[in-house]
Amino acid sequence: MGGARSRDVLVLHFCLCWRIINGELPICDTNQHRGKEISLAYACFWKRFSTNHRAVGYLSSALESRGFELCLSNAPDADILFFSVFGSLRELHIYRRCKVKIFYSGENLQLLRFQKFRAYLRSQIEDEIVPWTLEQDFSNSSLAVPPWFFAMDLANPFSTASQAIAWNDQPMLQGRKHAVTIINSHAKMVGGLDGRARLEGYENLEKQGIIVDSPGKFQNNMVSLEVQNVTKMKFLERYVFNLCPENSFGKCYVSEKLFQAVLTGVIPIYWGDASCVGGIINLDRIITFSPGSSAKEMAAHVRQLLDDTEALSSFWNQPVFAKQAPATLSHIISNFNAVVGRIISVKRSRSLQ
């Protein structure tokens, strides 16, 4: 009964904005229906960015359900500026007259190369930049939405991820014929602690006699997922454990790696700071480690679970998601809807000028 009530809450929040609009945004027509057009300019994104991005698609869908059309513009006074961390701050100055500024980034802003953008964001807190980011300085904003919300399709109540959270689905251990995998697209590792975590996790598991299957470029020992014609998520469903350390460490920095593991039911072997996603994920069902003695202890723990069927079953059968996961997700959805409401309010006020 409790699960059903949770699901109802999610659907009530989603009912006006769950359908994603695919495809590029249309170019704004300044001569027709100006009052119903909401213009979006973007800046400082990666080279191949397009407005076909999932976050833009859901924003467009939410606005369409309320009678507005999101369109693409390069005007310096566009209604919305959608920006990230790849570029120059001077580019943002061009769009300083945009009334709603949405910062979107799944990067670890605590890394040195992003410090200029992090300082800029802190200086703009009073202007209430919309923070669709993992940056902790903005976590208490009523407009905050983490990037994994879009990446894992949690803005759709009928997606696999949303349904799993609503019903707290329990995956089956039976049929998982393989022990451990790591999937990483980068063969090279950054130096220092970040580079050591992945390698030490891998090497310590192998020292325990555990073969770690790797279809990616890092320590590759099997054919790629492309050659196997299988998605990452489907591939993970074959395994009991997934070694999924972050590429870098930062307070509350959690990429989609952890969510992909959790949503396929696999037990994550994780290096990173997952403390801020404890409202969604049951952290007791994750095996964490750090470089050094902690990596050795992690590998010994995995070996012990693989050798003890009862212990593995007990660990596996813990709830995948936290009890408060539906409520946490509803809170994020409320923040998303608050952003949509702000955009519409700004648009209407500008139309009256």
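Which pattern do the disulfides of the protein chain follow, with bonded cysteines counted along the chain? The pattern is 1-2, 3-4, in a model that is predicted.

**View 1. The disulfide of Cys28 and Cys71.** The sulfur atoms of Cys28 and Cys71 are 2.1 Å apart. The link is right-handed, with 95° about the S-S bond. It connects distant parts of the chain: Cys28 belongs to the loop between α1 (2–14) and β1 (37–43), and Cys71 to strand β2 (residues 69–72), 43 residues apart. Cys28 counts as buried because its relative accessibility is 15%, under the 20% limit. Cys71 is also buried, at 0%.

**View 2. The disulfide of Cys252 and Cys276.** Here the S to S distance is 1.7 Å. Cys252 sits in the loop between β8 and α10 (256–263), Cys276 in the loop between β9 and β10, and the two are 24 residues apart. Cys252 is buried, with a relative accessible area of 4%, whereas Cys276 is partly exposed at 40%.

**View 3. An open sheet of five strands.** The strand order is β7-β6-β8-β9-β10, with parallel pairing. Strands β7 (212–213) and β10 (287–288) stand at the edges with a single partner strand each, so one side of each has no neighbour in the sheet. Two bridges join β9 (residues 267–270) to β10; Tyr270 has Thr288 of β10 as its bridge partner.

**View 4. Helix α12 across the sheet strands β8, β9 and β10.** Helix α12 spans residues 309–316. The helix runs at about 70° to β8 (239–243).

**View 5. Cys44 and Cys244.** Cys44 is buried, at 2% relative accessibility. Cys244 is buried at 6%.

Note on methods
Residues numbered from 1 in each chain as written. Predicted model: local features only at pLDDT ≥ 70, side-chain atom pairs only at ≥ 80, totals over all residues. Heavy atoms only, no water. Pairing = 2+ DSSP bridges. Helix = DSSP H or I, 4+ residues; strand = E, 2+ residues; numbered from the N terminus. Contact = heavy atoms within 4.5 Å. Axes fitted to C-alpha atoms, helices over the stretch in contact; angles between N-to-C directions. Disulfide = S-S within 2.5 Å. Buried < 20%, exposed > 50% of the residue type's maximum accessible area, 1.4 Å probe, protein only.
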